Amino acid sequence: MRASALNQGNLAPFTCRITPICETWTGTQWGAPVPTSNPAAISRWLMTGPAPAVALTKPQADVGLRTWAALCDQYNWKSHIYLTEDRKQDAVMQLLGMNGRASLFWDGTQLVSAPWVEKPAPRQLFAGSNLKDHRWEIVYPDPVHALRVEFQNIDQGGEADEIYVYADGYGETADPANNILPATLVEALRLEGQQTIERAYRDGRWNLGARMHQRRVDSWSTDIEHIVCRYGDRVRLAWDRVGTANATVRNRLWSGGLVSGLRLSQPVRMEPGRALS
């Protein structure tokens with residue numbers, strides 16, 4: 001751009017922000033393109049072109065993103081990412097997934113999202129014959145009373161800002177009347193992209209909750225013929241303990257519309273006065 005009668009035709013450098021115009025999920029279909037910050041809609045827009053060297057077709061980025069798009073609208077999860085340097089495609093998709101509380105993967109036929117919350121009923125049960133080498137590890141992180149969340153405030157033009165987010169039972173100062181203790185153990189949490197102060201607070205609370213409730217990691221193996229789930233599916237895990245037994249129901253015997261018997265996956269010793277569930 002050049003000016004016709006100013007500074008010999010030269011303009012001072014300036015910047016601008018561009019809001020993506022993408023198709024959004026309306027609950028029944030992907031609607032007409034509108035300005036949006038929905039991470040699922042932006043991910044679909046990025047993967048279907050024109051940015052990728054080999055763009056996905058619209059059907060390849062459709063069904064697997066619908067639930068995620070609806071969750072982003074329901075919980076007001078926004079991307080608000082303004083990149084100031086070149087990033088690889090996988091790095092950008094990871095940032096969008098973090099902002100939308102989901103993980104993205106290719107299942108062989110289409111792009112699929114695995115939301116971190118609101119998962120459906122378990123798709124598969126691992127127990128007995130299809131559960132091998134089960135082990136678990138519980139992580140005990142150092143206690144944290146508060147997080148100093150560092151972020152770029154979108155309401156202040158992207159200026160650096162910070163907010164303190166306190167764990168339950170802690171505050172800036174002690175309040176014996178409400179059982180509040182002073183926070184003395186504080187850690188820093190840096191957020192990517194520009195955020196509102198409300199979103200920064202929610203991300204801080206999410207991080208504190210994950211430290212408390214997502215501390216156990218289970219691992220096991222199984223044969224390939226036993227796998228019906230895929231990456232991102234919710235599964236149920238059951239295993240034997242000392243002094244107990246575990247058997248699953250294979251068949252039910254019906255008589256007159258009522259269950260008259262069961263066939264179990266392994267022998268179970270029946271003892272008087274002992275209840276099985």
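Reader: Are Asp-203 and Arg-101 buried or exposed?
Author: This is a predicted model, in which local features need pLDDT of at least 70 and side-chain atom pairs count only at pLDDT 80 or more, while totals for chains, interfaces and linings use all residues. Residues are numbered from 1 along each chain as its sequence is written, and side-chain values use heavy atoms, with hydrogens and water left out. The classes rest on relative accessible area with a 1.4 Å probe and protein chains only: under 20% is buried, over 50% is exposed, and in between is partly exposed. By this scale, both Asp-203 and Arg-101 are buried.

Reader: What is the distance between the closest N and O atoms of Asp-203 and Arg-101?
Author: The two side chains form a salt bridge, defined as a side-chain nitrogen of Lys or Arg within 4 Å of a carboxyl oxygen of Asp or Glu. For Asp-203 and Arg-101, the closest N and O atoms are apart by 2.8 Å.

Reader: How many residues apart are Asp-203 and Arg-101, and where do they lie?
Author: Helices (H or I, at least four residues) and strands (E, at least two) are DSSP runs numbered from the N terminus. Asp-203 lies in helix H4 (residues 197-213), and Arg-101 lies in the loop between H3 and strand S3 (102-106). Arg-101 follows H3 and has a positive phi, near 55°. The pair links distant parts of the chain, with a separation of 102 residues.

Reader: Which elements do the buried residues of H3 pack against?
Author: The buried residues of H3 are Val-92, Met-93, Leu-95, Leu-96, Gly-97 and Asn-99. They pack against H1, H2, S3, strand S11 (186-195) and H4.

Reader: Which residues touch the most other members of the largest nonpolar core?
Author: A nonpolar core is a set of buried Ala, Val, Leu, Ile, Met, Phe, Trp, Tyr and Cys residues joined through side-chain atoms within 4.5 Å. The largest such core has 20 residues, and the ones that touch the most other members are Leu-65 and Trp-68.

Reader: Which helix gives the largest share of this core?
Author: At least two residues of the core come from each of helix H1 (39-47), helix H2 (63-75) and helix H3 (89-99). The largest share is five residues, and these come from H2.

Reader: How many residues are in the second, separate core?
Author: Its members include Phe-151, Leu-191, Ala-200 and Leu-208. The residue count of this second core is eleven.

Reader: Which residues does Leu-65 touch?
Author: Contact means heavy atoms within 4.5 Å. When residues up to four places away in sequence are not counted, Leu-65 touches Trp-30, Ala-40, Arg-44, Leu-104, Leu-111 and Ser-113.

Reader: Which backbone nitrogen does the side chain of His-145 reach?
Author: His-145 lies in the loop between S6 and S7 and counts as buried because its relative accessible area is 11%. Its contacts beyond four places in sequence are with Tyr-166, Ala-167, Tyr-170, Pro-182, Ala-183, Thr-184 and Leu-185. At 3.1 Å, the side chain of His-145 reaches the backbone nitrogen of Thr-184.

Reader: Why does Tyr-140 count as exposed?
Author: Tyr-140 lies in the loop between strand S6 (132-138) and strand S7 (146-153). It counts as exposed because its relative accessibility is 64%.

Reader: What is the area of the nonpolar surface patch made by Trp-136, Ile-138, Tyr-140 and Trp-239?
Author: Patches are made of residues with over 30% relative accessible area and no salt bridge, with like charges joined within 9 Å and nonpolar side chains (Val, Leu, Ile, Met, Phe, Trp, Tyr) within 5 Å. Areas come from the Shrake-Rupley method with a 1.4 Å probe, and for residues only the protein chains shown count as cover. The patch made by Trp-136, Ile-138, Tyr-140 and Trp-239 has an area of about 450 Å².

Reader: How many residues apart are Lys-58 and Glu-23?
Author: Lys-58 and Glu-23 form a salt bridge with their closest N and O atoms 3.5 Å apart. Lys-58 is in the loop between H1 and H2, and Glu-23 is in the loop between strand S1 (21-22) and strand S2 (34-35). The separation in the chain is 35 residues.

Reader: Which residues are linked with Arg-148 in a network of salt bridges?
Author: The side chains of Glu-162 and Arg-148 meet at 3.6 Å, N to O. Glu-162 is in strand S8 (residues 159-166) and Arg-148 in strand S7, so the pair ties together parts 14 residues apart in sequence. The network links Arg-148 with Glu-150, Glu-162 and Arg-190.

Definitions and conventions
Polar contact = N/O pair within 3.5 Å; in protein donor to acceptor, adjacent residues only side chain to side chain.
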